[in-house]
Amino acid sequence: MVDEVTTMKDDVINANTLAWLVCSGVSILANTWSILSVSAKQKKWKPLEFLICTLAGTHILNMAIPITMYCVITLRRQHSNYDWNEGLCKVFVSTFYTLTLVTCFSVTSLSYHRMWMVRWPVNYRLSNTKKQAVHTVMGIWMVSFILSTLPAVGWHDTTDRFYTSDCRFIVTEIGLGFGVCFLLLIGGSVAMGVICIGIALFQTFSIQAGHNADKNKFNVPTIVVEDAQGKRRSSIDGSEPLKTSLQITYLISGIVFIYDFLTGFPILVVSFASLKFARSYDWMVLCVLWCSIAQSILLPMFLWACDRYRADIRMVWEKCVAIMSNDDVDEGAPYKKILPRRNRHVDQRPDPLIPSPMGLHRGHDSECPLQLHLAAPREAQEQPGLLPRGEPPSPSPTPQAATL
């Protein structure tokens, strides 16, 4: 009886294996195109675009490594005596759950950044959001990798190991401790993502409704910081146009809700049911794999529907050519950025005659490298030559002293 049930389960899995493999290939190509399209449309990378490309890259890895591995091994089992072993099963379980957690946390990070940008625009632009986005991605990968590799190193049920017969990767087959931790992390991340995107939508609709006070409060001007020579050193982006803001908010909302209804909630139901009944069923395997593939295919569709990230073949080709020709750039250019100012070429032209009350002379102790350049005279934009330490600037000779 047990062999008959096992055979029926294998037949159900085998019937979907080829479809999983084909959909995985389509997902890899679509997400790769999405990354190139976003890169081609954006001249300046922002944290939101970085997180979107990270999510698409996670989908590529998820389809290319664990899903493809599961499909290939299942197909080989149909036509030969090849079977799962301990090493392959541990690699599959670790990579699958690592990338599942990374996907969940990345979607939550997207909704959080969108809420932050819409609800507190001034604080968002004054903060170093690019650095925070990079640190967020690093933290997501570290936490997901550590938790998901624990079953491979011994944190699993030792009475009936998940890799002894077949490769049973549903959480209840791995162990109660891992299942509870995974359930709590997925549930908390899904709830956080829904709350953040709900706040972002409410704020967007409130501004769109036409409250003048809110429009003035959440309107941020563009600020450019220049040095004494008028060269741009840094800038703070202003508020997005209303149409662009609505497009991005709807896009992130669609990504969050599609993930929640196609992956987050199904995985929660499967994990809870497997822990409650202390066993796994064939429909659980079908649900987890199909939901993972479906939400990875839908992400490129959402990006294509947004005009901000939709690029044609010519733009993508030009971006690829620019990336490939980046090695031909002047090799000394990167080093010029890190050289100290005193080692660079210093303009030896004499200092312009500027009255001292303006305070525009530049000594060693009163150096001010950055200033907000508004409407200074053209003479004030010239940078005086650098003086040695401790040597005060020599006063300009008067006409009487010149005649003497």
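Hi everyone, let me start at one spot: the side chains of Arg310 and Asp307 meet in a salt bridge, 3.1 Å from N to O. By salt bridge I mean a side-chain nitrogen of Lys or Arg within 4 Å of a carboxyl oxygen of Asp or Glu.

A word on what we are looking at. This is a predicted model, where local features need pLDDT of at least 70, side-chain atom pairs count only at pLDDT 80 or more, and totals for chains, interfaces and linings use all residues. Residues are numbered from 1 along each chain as its sequence is written, and side-chain values use heavy atoms, with hydrogens and water left out.

Back to our pair. Arg310 is partly exposed at a relative accessible area of 29%, and Asp307 is partly exposed too, at 42%. For these labels, buried means under 20% relative accessible area, exposed means over 50%, and partly exposed is in between, with a 1.4 Å probe and protein chains only.

How many salt bridges does a search of the whole structure find? It finds six. One of them joins Asp83 and Arg77, with the closest N and O atoms 3.3 Å apart. Asp83 is partly exposed at 38%, and Arg77 is partly exposed at 27%. Another links Arg314 to Glu318 at 3.0 Å. Those two lie in helix H11 (residues 313-324), four residues apart, about one turn of the helix. Helices here are DSSP runs of H or I with at least four residues, strands are runs of E with at least two, and both are numbered from the N terminus. Arg314 is exposed at 52%, while Glu318 counts as partly exposed at 43%.

Now for the rings. The structure holds 16 aromatic pairs. Rings of Phe, Tyr and Trp (its six-membered ring) pair if their centres lie within 6.5 Å; planes under 30 degrees apart are stacked, over 60 edge-to-face, and the rest tilted. Why is the pair of Trp20 and Tyr70 called tilted? Their centres are 6.3 Å apart and their planes are at 55°, so tilted is the label. Trp20 lies in helix H1 (residues 2-41) and Tyr70 in helix H2 (residues 47-79), so the pair ties together parts that are 50 residues apart in sequence. Trp20 is buried at 0% relative accessibility, and Tyr70 is buried at 6%.

Next, Phe92 and Phe96 have ring centres 5.8 Å apart and planes at 20°, so that pair is stacked. Both sit in helix H3 (residues 86-119), four residues apart. Phe92 is buried at 0% and Phe96 at 1%.

Last stop: Ala278, in the loop between helix H9 (242-277) and helix H10 (282-305). Ala278 has a positive phi of about 60° although it is not a glycine. Is Ala278 buried or exposed? At 59% relative accessibility, Ala278 counts as exposed.
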